Amino acid sequence: MHIIFLSATCARADYEDICKKRKYPLLDSSQKFFEMFLNGLAKQPDITVDCITLRPISRGTYPGFYIPEDKTQQEGVCYHYVPIWNFPVLKSMMGMAAIRRKLHKLLRQYKGEETRIICDPLLLEGLQPTASLGKRYKIMTAGFLTDMPEFADECDEHGAIKR
């Protein structure tokens, strides 16, 4: 089975390089969680894991205007970094198009084989390509939402949503 995961998760060494160049530190709880999740999946027999990544950078915190496409292998997970122009609107538009192209390429590569797509719903650039290409190729897709801190106090003592 092939698992294609879309998020802002990077290989550990690449993530540390990004952190060194950033002007402000990153809150890396999702990086750690998804990294452990992907490594656990990759250790399962007969599963390949590809992670399509829109790197966690922005113009205000990371130097450089163009970040080229790249690929890294770590602990059985293949990280595919999509190319972007590091400007607010261009990053999102180019990121969505690059994610679509990479996802389409992987789905064609794995055509006829059992494949699943998992997307971090907080990666907005990945939602539309995941939904449309998953439907087009008749592939099961799922969203993996790790945390919504702004809603942490929305539940009452019985676990029901207050509103």
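Is Cys119 buried or exposed? Cys119 counts as buried, because its relative accessibility is 3%. Here buried means under 20% relative accessible area, exposed over 50%, and partly exposed in between (1.4 Å probe, protein chains only).

## About the model

This is a predicted model, in which local features need pLDDT of at least 70, side-chain atom pairs count only at pLDDT 80 or more, and totals for chains, interfaces and linings use all residues. Residues are numbered from 1 along each chain as its sequence is written, and side-chain values use heavy atoms, leaving out hydrogens and water.

## Cysteines

A disulfide is a covalent bond between the sulfur atoms of two cysteines. With a disulfide taken as a pair of cysteine sulfur atoms within 2.5 Å, the count here is 0. Cys19 is in no disulfide, and its nearest cysteine sulfur, that of Cys10, is 8.6 Å away. Cys19 counts as partly exposed because its relative accessibility is 31%.

## A nonpolar surface patch

Now to the surface. Phe65, Tyr66, Trp85, Phe87, Val89, Leu90 and Met93 form a nonpolar patch there, with about 690 Å² of accessible area together. Areas come from the Shrake-Rupley method with a 1.4 Å probe, and for residues only the protein chains shown count as cover.

Helix H3 (residues 88-109) gives the largest share of this patch, 3 residues; helices are DSSP runs (H or I, at least four residues), numbered from the N terminus. Val89 lies in helix H3 and counts as exposed, because its relative accessibility is 57%.

Methods
Patch = residues over 30% accessible without salt bridge, like charges linked within 9 Å, V, L, I, M, F, W, Y side chains within 5 Å. Salt bridge = Lys/Arg side-chain N within 4 Å of Asp/Glu carboxyl O. Helix = DSSP H or I, 4+ residues; strand = E, 2+ residues; numbered from the N terminus.
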